[in-house]
Amino acid sequence: MKRLTKHAEVELRRELSEAKFRKETFPIWRHYYVITATGEEYTNTKLDQLNERQVHNQYRAKYHIPFPVEIERIRKQYGISAAKMSEVLDFGINSYRLYEQGEMIPNPPHAKLIRLADRPKMFWSFVEEKRAQFSPSLLKKMEAAVEQVKETRKEEKVLDYIWNHDNEANEFTGFVKPLFEKVANFVLFFAQEAKPLKTRLNKLLFYCDFLHFKRNGFSISGFNYRAIQMGPVPSHYHELFGILESREFVQIEEELYEHGGTGERFYGKMEFDPSLFTEEELETMSDILHNFEDLRTREIIEISHTEEGWKAHKEQRELISYQAYAFDLRGV
């Protein structure tokens, strides 16, 4: 990509490189600008963040270290403040807050404690060890939250199957762990705005997630995508869409085509909640919506068949790595 500044023509480039973090080396796609006339290289804050996130994402995935949004979710499900959560885990309050804000990455021992706290029984055992530090009213509140989380987990077993991974954020989820409400509204957005057929919807979701990863180093939904004959699709999308319809996020209606055959068209059934998404995510969703709005479904399928991630994995119907293929996205 080239762009003109007031003084020179500048080209955005990327190359396979390596970067170090905590004495370990990780492969990344290094992004940088080059002044065409002089060959001088430079970056800006956004590119520095994109390059750095690739390293941090791989380190977190390697050592099973929760991402900031996951750390925050674990705490909030018990209804306590960051200060109280740091007491439960026996962390320093400043360190814990930096973990949640993404300003500091937990070391593996701290990460293990955070992951264990996501299990209601383990969280309660941590609380019991420090019972004297908490007021009776707070203990009662946390105990009630623990019971509520246990009930919620029973429903999540089906969703774990749909997400099709080991409950960890990794290169196949775009380094994001799926959250049901956000995923539901992600699908709802396109159902509401585009009223797409199922095949078209799957392609919109793919391009949205992979474009956001290309721009920011993270997917939006945490879906992993599998290469099938019709192009990339979210794993177990049939089951997911069935749950979304049963919970009345979307309405799916069967259509009869003029030339024969049938298809399923999606309609939004409840109000889309933009508060679940960042400004960057909403911008990417809008960009994808408008980028493909004048194309027929068949044309979008053909575009998806130009993607290296699909071509490399279509024969075995394998999962497509965001880290390996998002930066080489061709359709947008």
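## Nonpolar cores

A nonpolar core is a set of buried Ala, Val, Leu, Ile, Met, Phe, Trp, Tyr and Cys residues joined through side-chain atoms within 4.5 Å; buried means under 20% relative accessible area, exposed over 50%, partly exposed in between (1.4 Å probe, protein chains only). This is a predicted model, in which local features need pLDDT of at least 70 and side-chain atom pairs count only at pLDDT 80 or more, while totals for chains, interfaces and linings use all residues. Residues are numbered from 1 along each chain as its sequence is written, and side-chain values use heavy atoms, with hydrogens and water left out.

The largest nonpolar core has 52 residues, of which Phe 186, Phe 190, Leu 205, Phe 241, Leu 244 and Met 285 touch the most other members. Two or more residues come from each of helix H8 (180–194), helix H9 (198–216), strand E5 (225–228), helix H10 (237–246), strand E7 (250–256) and helix H11 (279–291) (DSSP runs numbered from the N terminus; helices are H or I of at least four residues, strands E of at least two). Another core, of 25 residues, lies apart from this one and includes Tyr 78, Phe 91, Ile 114 and Leu 139.

## Surroundings of Leu 205

Beyond its neighbours within four places in sequence, Leu 205 is in contact (heavy atoms within 4.5 Å) with Phe 186, Val 187, Phe 190, Phe 223, Tyr 225, Pro 234 and Phe 241.

## Aromatic pairs

The whole structure holds 27 aromatic pairs (rings of Phe, Tyr and Trp, its six-membered ring, with centres within 6.5 Å; planes under 30 degrees apart are stacked, over 60 edge-to-face, the rest tilted). Phe 206 and Tyr 225 form an edge-to-face pair, because their ring centres are 5.5 Å apart and their planes stand at 75 degrees. Phe 206 belongs to helix H9 and Tyr 225 to strand E5, 19 residues apart. Phe 206 is buried at 3% relative accessibility, and Tyr 225 is buried at 0%.
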